[in-house]
Amino acid sequence: MRLLIIEDNRSLAEAMQRILVGHHYAVDLCFDGESGLELALSGIHDAFIIDIMLPRRDGFSVLKEVRDAGLTTPVILLTARTQTNDKVRGLDGGADDYLTKPFKMAELMARLRALSRRRGDLLPDTVLAAADLELDLATLTLRQGRQSCQLTLKESQLLELFLRNPRITLATQSIIDRVWGFDSDASEQRVQTYISFLRRKLALFDTKVHIKTIRGRGYRLVPEAEGEEA
């Protein structure tokens, strides 16, 4: 799952990023509202955490533009303000939750989990499944019955993307944006390398689940073989 944090306090944003990455989230950072809005509109994120008091464009404006663009991505607003009218303005403007500074990371994590329960598949479940396989996002473990193997964080994030989009062809650039980040220098070759890693892990199981290469387009997850893989 990929989060976007738009927060001009760099030390706070980077601290949040470290902790969230430690809980297996992919996290992008922006430090002003204008660049944050540009990245938000890319559509590659699963949730936004937006501070209200931002340079160049405030959080209310970012939220309005995101909703006007038709994005339903969940939004948690952050602010040092405690006035009720600010909270009402944010929630009426399309925010899903509101967190007042200072806050503890445990509370933010709890609000992300609550958002997951309210919004269904927009935020990650603990376990994702396809056919006879299960991916435990908390432990990065791939299982089939009593058999299991450990994935790396990037392998898990890549497989999660496929599991959330079964039978959908994912373009290589879309995979890069969602797994490595919008401004990443990751190449098509790196995607191919990690697809190869995942295929080796899947080959450890007697499973019907396969990742198929769609020549010239990308890759898709299928529950059984559909022709020759590249």
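Which residues does valine 191 touch, not counting residues up to four places away in sequence?

**View 1. Overall fold of the protein chain.** In this predicted model, the secondary structure of the protein chain comes to eight helices and 12 strands. The radius of gyration is 19 Å, close to the 17 Å that the globule rule gives for 230 residues, so the chain is as compact as a globular protein of that length. The C-alpha trace spans about 60 × 35 × 30 Å along its principal axes. Of the 230 residues, 47% are buried. Taking contacts between residues at least 6 apart in sequence, 55% join residues at least 24 apart.

**View 2. The open sheet β6-β7-β8-β9.** Four strands, in the order β6-β7-β8-β9, make up an open sheet with antiparallel pairing. The edges are held by β6 (127-130) and β9 (147-150); each has a single partner strand, so one side of each is left without a neighbour in the sheet. On average, neighbouring strands of this sheet are turned by 20 degrees against each other, direction ignored.

**View 3. The β8-β9 hairpin.** Strand β8 covers residues 141-144 and pairs with β9 in the antiparallel sense over four bridges. Two residues lie between the strands of this hairpin, and glycine 145 in the turn has a positive phi of about 60 degrees. Across the pair, threonine 141 stands opposite glutamine 150 in β9, and arginine 143 stands opposite serine 148 in β9.

**View 4. Surroundings of valine 191.** Valine 191 lies in helix α8. Its relative accessible area is 1%, under the 20% limit, so valine 191 counts as buried. Not counting residues up to four places away in sequence, valine 191 touches Thr172, Ile175, Ile176, Trp180 and Tyr219. The C-alpha atoms of valine 191 and glutamine 173 are separated by 9.1 Å, and these two residues are 18 residues apart along the chain.

**View 5. The largest nonpolar core and isoleucine 175.** The largest nonpolar core has 28 residues. Leu142, Phe162, Ile175 and Ile211 are those with the most contacts inside this core. Two or more residues each come from β6, β7 (133-136), α6 (153-163), α7 (172-180), α8 (188-202) and β12 (218-222). Helix α6 gives the most to this core, with five residues. Isoleucine 175 touches Leu158, Leu161, Phe162, Leu170, Trp180, Val191 and Tyr219, again not counting residues up to four places away in sequence. A second, separate core has 20 residues, including Met1, Leu3, Met105 and Met109.

View 6. A search of the whole structure finds zero disulfides. Cysteine 30 has a relative accessibility of 8%, under the 20% limit, and therefore counts as buried. Cysteine 149 is also buried, with a relative accessible area of 12%.

Definitions and conventions
Residues are numbered from 1 along each chain as its sequence is written. This is a predicted model: local features need pLDDT of at least 70, side-chain atom pairs count only at pLDDT 80 or more; totals for chains, interfaces and linings use all residues. Side-chain values use heavy atoms; hydrogens and water are left out. Two strands pair if DSSP finds at least two bridges between them. Axes are lines fitted to C-alpha atoms, for helices over the stretch in contact, and angles run from 0 to 180 degrees between N-to-C directions. A nonpolar core is a set of buried Ala, Val, Leu, Ile, Met, Phe, Trp, Tyr and Cys residues joined through side-chain atoms within 4.5 Å. Buried means under 20% relative accessible area, exposed over 50%, partly exposed in between (1.4 Å probe, protein chains only). Contact means heavy atoms within 4.5 Å. A disulfide is a pair of cysteine sulfur atoms within 2.5 Å. The radius of gyration is taken over C-alpha atoms; the globule rule is 2.2 Å times the number of residues to the power 0.38.
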